[in-house]
2 protein chains.
Amino acid sequence: MQRYFAIGRNNEYFNLQDDDIRHIKLVMRMKENDKIIVVENNIPFLCNIEDNYKIKIVEPLPLTEKDIPFVSIIVPILKEQKMDYILQKSTELGVEQIIVYYSERGIIKETDNNDKKIERWNRIMKEASEQCHRNNIPIIKIKKLNEIEKLDYNLICSTNNPKNNLKNILKNTSICDRINIVIGPEGGLTNKEENELILNGFIPITLGNRILRVETVPLFLMSAVNYEKME
Amino acid sequence: MQRYFAIGRNNEYFNLQDDDIRHIKLVMRMKENDKIIVVENNIPFLCNIEDNYKIKIVEPLPLTEKDIPFVSIIVPILKEQKMDYILQKSTELGVEQIIVYYSERGIIKETDNNDKKIERWNRIMKEASEQCHRNNIPIIKIKKLNEIEKLDYNLICSTNNPKNNLKNILKNTSICDRINIVIGPEGGLTNKEENELILNGFIPITLGNRILRVETVPLFLMSAVNYEKME
């Protein structure tokens, strides 16, 4: 069933974004008494479409249980297409947070239209969340590498022959843990960037011997987390 | 170092495709005595660029050892962009064979310009193989679902509540095994398609509860195989 995120509520009616109402009307061509799912505060509700596209709440739906740890992926800012791809696919695979940083070796330099970027990224993740039936939309922020809040596990995907690998770490995590994973840009983090993170308590790990493009790494990581917790 | 695939050899000189020579000249702007790697029959060679862009063999390079099983991904034919994406990313992640089939629920119907498609797909996988430093290019074929040659493991990604999951199977595989994995189109295989495969000895498995787009599944599978064999 088609799924949308509420932006507010009016007694037993949900408010949706204008874009979503247009989608219901013009793309899905729904009529009175058609049903949709609307998510409010991470809870999905069955809803009925009433006259003039008012969205009446019918009942809350059972929640799916959490099945993987909270993963926060920390990626350099990339060109639009690669960025969109990371956001869409990581959302599908259950990422909870994406932190974007400007790296020393990155091609894209810091500008001040960050708000516009964040708006665009949020839209992509909202649509991906609806499509893959999530009950929440991942959080996205732009931060400096040295401003990242530490979690239970703090990892750096490193190419400098780190002593540990992803599997050894993930094996020991529980679904209640919270994990940060920093991904470097094409060409890797600079020694300065990596050392600062290590001094801050981040642990360099390897993902194996394959040469992966930057935009493939978040998918690899999220797939690995899902696979590790598969029962 | 830049990597290319040989199309032939003339004593101690390799022949490359015209496109590759143009790439060396115009994109990489290499000059006499610059070095490249050329792969012939799965073996990489260090080579020297001589006058008039003749590619002189210097010496064979050490081979990297096989680290994952042979995986053959069987996917429905999809729209160009999704298809390209599957080919590029699966190549990066070490797939050895891709078999494309026309599914009953697929949007794209059978036509006779398959040769042109295969040529295009081969080009994408060749470029991806060069970029991720592989010593071979995955094989790609179009086949009917009932014509697929069986391997050591024959799996179907199923949404019909299968009794086994990917992890239970992969745990027991060795890097010498050969694995077929069938992926259905949007909406899944029809019962007829799935039953025919099951009668032929294929085993339905689940990838977990997430709702993944078709083009995400090959990446999830290849990531899982790499993760399982990570040491």
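Lys and Arg count as positive here and Asp and Glu as negative, with His and the chain ends left out. Each charge is placed at NZ of Lys, CZ of Arg, CG of Asp or CD of Glu. Select those atoms in chain A: the mean positions of its 33 positive and 34 negative charges are 4 Å apart.

This is a predicted model, in which local features need pLDDT of at least 70 and side-chain atom pairs count only at pLDDT 80 or more, while totals for chains, interfaces and linings use all residues. Side-chain values use heavy atoms, without hydrogens and water; residues are numbered from 1 along each chain as its sequence is written, and chains are lettered from A, ligands numbered from 1, in the order written.

Now show chain A as a cartoon. Look for 6 helices and 13 strands (DSSP runs: H or I of at least four residues, E of at least two, numbered from the N terminus).

Next, colour by burial. Of the 231 residues in chain A, 52% are buried (under 20% relative accessible area, 1.4 Å probe, protein chains only).

Go inside. The largest nonpolar core has 81 residues; such a core is a set of buried Ala, Val, Leu, Ile, Met, Phe, Trp, Tyr and Cys residues joined through side-chain atoms within 4.5 Å. Select A:Leu166, A:Leu221, B:Leu166 and B:Leu221, which have the most contacts inside it.

Zoom in on B:Leu221. Beyond its neighbours within four places in sequence, its contacts (heavy atoms within 4.5 Å) include B:Ile73, B:Cys157 and B:Leu207.

Finally, show both chains. Where do the copies meet? They meet through the same surface, because 100% of the interface residues of chain B are also interface residues in chain A.

Terms used. Buried means under 20% relative accessible area, exposed over 50%, partly exposed in between (1.4 Å probe, protein chains only).
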